[in-house]
Amino acid sequence: MLINLLSNPLLPVALGIIGLIAALIVYGTVKASPAGEGKVKEIGDEIHLGAMVFMSAEYSRLAIFCIICILALWFSLGWETAISFLVGALSSGFAGFVGMYAATKANVRTAVAARDNGAASALTIAFFGGSIMGLTVASMGLVGIGILFYYFAGNNESIHAIEGFAMGASSVALFSRVGGGIFTKSADVGADLVGKVEAGIPEDDPRNPGVIADNVGDNVGDVAGMGSDIFESYCGSIIASIALASSMSLATAATLGGNKEALIFMPLLLATVGLLCSIIGILTVKVMSAQNPETALRFGTIGSAALFILVAYFTIQIAGASVNVWFSVLVGALGGIIVGLITEYYTGGAPVKKIAEGGETGPATVMISGLATGMESVAIPVLTIVGIIFTANYFSGLYGVGMAAVGMLSTVGITMAIDAYGPVADNAGGIAEMSEMGEETRKITDSLDEVGNTTAAIGKGFAISAAALAALALISAYIEKIASNSENFVLAINDPLVLAGMFLGGIFPFLVSSLTMRAVGDAAFEMIKEIRRQFKEIPGLLEGKAKPDTATCVDIATKAALRKMIAPGALAVLAPVVVGFLAGPKALGGMLGGALICCVMMALMMSNAGGAWDNAKKYVEKGNLGGKGSDVHKAAVVGDTVGDPLKDTSGPSMNILINVMAIVSLVIAPLLI
């Protein structure tokens, strides 16, 4: 009976629906908490409205792009792939929208809870606000892929149509991450440079016209954007593993247990088990919330991963697969934890103090130290990824690499919950400052925000390593699909087409990084001019006797993000199509390899350097090395403003760039044969 249950293709759909119901219950708990009155409620509503306006404008432009893709897929690859793309895009968009909507309701309630009930209550609401995002991401992935799997699994040709789901999810993720990143960092850089450095006023000061836009950006970039980022890696790893199992020979299947149908369904089954483990982890954090926040969050995350590893062993055995598959899942899950802990060290440990000390001799030494830290931080995570690839491949071949990515991402429910918790806590601190809730409240929200910065940094490291494995699995599926129809297809490094493709692939990470950083710089330039204008032209603004025009700043960030996100998105989608049709599948395979290596290296360097600069600034603001307003603080703020677009715009866009290029290549592979 248990075997029949674990092999039922509707099980992921059923569990996904249960996950959505759990998210709805959690939202009800958050919504039932007091939202405050007067100025507190007014600020919360302003942030919520700004985020909703941006999301509506972004999704309306995304819809046009998606319609073009659906039509192109329908006429070139058939209605199955086109429908899968639509379902993937809708699932990703829905998850991002729901998560951001919930976060903008939880932030003000977290601030009120901190004021009225203390740290434990505030932690619960902030974490629940993030949990809605985590549960929705995991559940929509299971529901969307599960329904398509149910309809297409019976036909070995039609099952490849599910790949369209990953392409739809990746397309939405790219625009959401890039657009949200440009919005949030243009506002953050503008507000910090004029407010902290020039005017000498605190962070989130209500006199600063850019702070509302900054808080809106935390939601559209770090909640909706990050959610879509993780969603596409999560779905990409599942779909790549399904594709690898579908094209597996019977001889290979025999070495992994012999049941090919079980191997095809296994990625979805393990993701289903992972959702249950995530729900248990979320409940664990709730129970432990009265203790140290960092301990509760860490125990929930690692506990969920440990529980998943244990349950996955029995699930794989009962389903009829080899224990070697479990070893691949194990190394993926452990690798994710290792990369997260290494990221935590470089963005919150001794290197951060070293960067802050560099501020004693000015901004230049802060910049040098931060760049050195970012570059050094690449080594151990990449060695970990290499170890995962070698070990997973040893036990289960290329299929094992895909399953390692599934193992790393199966507890995405709680991983995403903890990552989205950070922006909610950050927003709560901003609301407490702007509504003048008092020093005690701000102390509580600052402690929650400090933990949130660490969890966000860990989340970025996790997202990069997960994206690397997911992309590698997708590239492997691409190679298998081409090779199954072309016996002589080999990606040899001494083949001029492959080598040229590798160099070509290395261009795109640098080009997209340039586009996104320049977009932040241009938008921040406009933002800085506007904030300076308001301080100069609005009488009594700096004295706190007049209200700033925050709507104009939100409008500047919105227009810049929507305008500047198009080029990077179009480049990622069109590059594989152009190279594939003009230079052939070998050149495209080489391009994917070159892009993968450069994307992973740049993503780690930029994200970790940016996170280290951010926490170096916060280290000084705690009263170290002269504290707020000192020359060291001003130097640290400069480092933080340079690091902002690195860690929250360009760095994260690398994850999605390689996954988009890989999934587009996989989808168009039949047209290249």
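Let us begin with helix α4, residues 79–116, and helix α7, residues 211–246, whose axes come within 9 Å and cross at roughly 145°. Please bear in mind that this is a predicted model. The crossing of α4 with α7 is right-handed.

Which residues of α4 and α7 make the contact? On the side of α4 they are Gly88, Ser91, Ser92, Gly96, Gly99, Met100, Ala103, Thr104 and Asn107. On the side of α7 they are Asn219, Val220, Val223, Ala224, Ser228 and Phe231. Sorted by class, this contact comprises 6 nonpolar and 9 polar residues, with no charged residues.

I turn now to the empty space within the model. A probe the size of a water molecule, rolled over the atoms, shows where such space is left. How many cavities of 30 Å³ or more does a search of the whole structure find? The search finds 5. The largest cavity holds about 430 Å³ of space. Its lining consists of 27 residues, and those closest to the centre are Thr301, Ile302, Ile337, Thr415 and Ile458. At least two lining residues come from each of α10 (293–319), α11 (323–348), α14 (379–409), α15 (412–434) and α16 (439–483). By class, the lining of the largest cavity has 13 nonpolar, 10 polar and 4 charged residues.

Next, the second largest pocket, which has a volume of about 700 Å³. Of the 26 residues that line this pocket, Ile389, Leu472, Gly593, Leu596 and Ile597 lie nearest its centre. Two or more lining residues are given by each of α14, α16, α17 (496–537) and α20 (585–621). Here the lining divides into 20 nonpolar and 6 polar residues, and no charged ones.

Finally, the aromatic rings. The structure holds 14 aromatic pairs. One of them joins Phe149 and Phe265 in a tilted arrangement, with 5.5 Å from centre to centre and 40° between the planes. Where in the chain do Phe149 and Phe265 lie? Phe149 belongs to helix α5, residues 119–152, and Phe265 to helix α9, residues 260–288.

Thank you for your attention.

Terms used: Residues are numbered from 1 along each chain as its sequence is written. This is a predicted model: local features need pLDDT of at least 70, side-chain atom pairs count only at pLDDT 80 or more; totals for chains, interfaces and linings use all residues. Side-chain values use heavy atoms; hydrogens and water are left out. On a 1 Å grid over the protein atoms alone, a cavity is a set of points where a 1.4 Å probe fits but cannot get out, and a pocket is an open set with protein on both sides within 12 Å along at least five of seven lines; lining residues have an atom within 4 Å of a point. Grid points are joined across faces, edges and corners, and a volume is the space filled by probe spheres set on the points. Helices (H or I, at least four residues) and strands (E, at least two) are DSSP runs, numbered from the N terminus. Ala, Val, Leu, Ile, Met, Phe, Trp, Tyr, Cys and Pro count as nonpolar, Asp, Glu, Lys and Arg as charged, and the others, Gly among them, as polar. Axes are lines fitted to C-alpha atoms, for helices over the stretch in contact, and angles run from 0 to 180 degrees between N-to-C directions. A crossing is left-handed if the near helix is turned anticlockwise from the far one by less than a right angle, and right-handed if clockwise. Contact means heavy atoms within 4.5 Å. Rings of Phe, Tyr and Trp (its six-membered ring) pair if their centres lie within 6.5 Å; planes under 30 degrees apart count as stacked, over 60 as edge-to-face and the rest as tilted.
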